[in-house]
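Open the model in your viewer and keep the sequence panel beside it. Each stop below gives a selection and then what is there.

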Amino acid sequence: GIGKTVLPEAIRVLDAVGFDAEYVNGDIGHIIDGDAPPVGATVQLDIDWDRRFRRSIVGALAARADPRAVELLVHALGDEFSQVRRKAIPGLIEIGEPAVDALIEAAASDQVPVRRYALLCLGYIGAPRARPSLLEGLDDGDENVRKSALTGLKTLARVEDIPRLVRVTQEDLWEHAQWAAEALAALGHPG
């Protein structure tokens, strides 16, 4: 998960981007009195960082879609709870280009959910420089990671990717074959 060690940084970023205290304080009121501490303040916790709290922090950061939150939102893609991971995705997509480098790095993570959601975000952002990462995702051992890569390639595939996409249409998973066919169709006739 995000863990207690990230809390001071999360609070600092929330304070810097200006967060909705009513949205977050419902979950962190039992931990922090009042609004977030000023930038640079340290919050000591003697309790576990529960998922509801992490979901609220990540949701508040994602809602702001501020580039200063990219590292924390990418970190949230590796949270043990899917609700926390899914809160980060819209914020990263909305941040767009400033998140691409961190997402490309996350696409090479050893954690399946991080790879899956990083590739998904990269596909929705549509940055051409993410194409190599999406192509690498086609060879991932996890079918959901491959699915995310295919989703992104629907808009970013190039003519030179045709042989690789044709191979995907011949795989066992019909859903992947369908998405590869859609990516090929989006390319149109190369001649």
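Buried means under 20% relative accessible area, exposed means over 50%, and partly exposed lies in between (1.4 Å probe, protein chains only). This is a predicted model: local features need pLDDT of at least 70, side-chain atom pairs count only at pLDDT 80 or more, and totals for chains, interfaces and linings use all residues. Residues are numbered from 1 along each chain as its sequence is written, and side-chain values use heavy atoms, with hydrogens and water left out.

**Whole chain**

Start with everything selected. Colour by secondary structure: the chain has 11 helices and zero strands. Helices (H or I, at least four residues) and strands (E, at least two) are DSSP runs, numbered from the N terminus. Of the 191 residues in the chain, 47% are buried. Contact here means heavy atoms within 4.5 Å. Among contacts with a separation of 6 or more, 65% join residues 24 or more positions apart.

**Helix α3**

Select residues 51-64, which form α3. The end C-alpha atoms are 20 Å apart, in agreement with the 20 Å that 14 residues should span at 1.5 Å a residue. The expected span of a helix is 1.5 Å times one less than its number of residues. Now show side chains. The buried residues of α3 are Phe53, Arg54, Ser56, Ile57, Val58, Gly59, Ala60, Leu61 and Ala62.

Move to Arg64, also in α3. Is Arg64 buried or partly exposed? Arg64 counts as partly exposed, because its relative accessibility is 42%.

Step on to Ala65, which follows α3. Ala65 sits in the loop between α3 and α4. Check its backbone: phi is positive, about 50°, although Ala65 is not a glycine.

**Val70 in α4**

Select Val70, in helix α4. Val70 counts as buried, at 5% relative accessibility. Which residues does Val70 touch, not counting those up to four places away in sequence? They are Leu92, Ile95, Pro98, Ala99 and Ala102.

**Helix α5**

Next, select residues 82-95, helix α5. Its 14 residues reach 21 Å from first C-alpha to last, close to the 20 Å expected. Highlight Val84, Arg85, Ala88, Ile89, Gly91, Leu92 and Ile95: these are the buried residues of α5. What covers them? The cover includes α3, α4 (70-76), α6 (100-106) and α7 (112-125). Past the end of α5 comes Gly96, with a positive phi near 70°.

**α5 against α7**

Two packed helices are described by the angle between their axes and the distance between the axes. Axes are lines fitted to C-alpha atoms, for helices over the stretch in contact, and angles run from 0 to 180 degrees between N-to-C directions. Show α5 and α7 together. Their axes come within 9 Å and cross at roughly 30°. That makes α5 roughly parallel to α7. Angles under 35 degrees count as roughly parallel, over 145 as roughly antiparallel, 65 to 115 as roughly perpendicular and the rest as oblique.

The crossing is right-handed. A crossing is right-handed if the near helix is turned clockwise from the far one by less than a right angle, and left-handed if anticlockwise. From α5, pick Arg85, Arg86, Ile89, Leu92 and Ile93; from α7, pick Pro113, Tyr117, Leu120, Cys121, Tyr124 and Ile125. These residues make the contact. By class, the contact has nine nonpolar, no polar and two charged residues. Ala, Val, Leu, Ile, Met, Phe, Trp, Tyr, Cys and Pro count as nonpolar, Asp, Glu, Lys and Arg as charged, and the others, Gly among them, as polar.

**Arg131 in α8**

Jump to Arg131, in helix α8 (residues 131-137). Arg131 is buried, with a relative accessible area of 10%. Leaving aside neighbours within four places in sequence, Arg131 contacts Leu153, Leu156, Arg158, Glu160 and Asp161.

**α9 against α11**

Last stop: select α9 (residues 143-156) and α11 (residues 174-187). Their axes come within 8 Å and cross at roughly 15°. The two helices are therefore roughly parallel to each other. The crossing of α9 and α11 is left-handed. On the α9 side, show Glu143, Arg146, Lys147, Leu150, Leu153 and Lys154. They meet Glu175, His176, Trp179, Ala180, Glu182, Ala183 and Ala186 in α11. This contact has six nonpolar, one polar and six charged residues.
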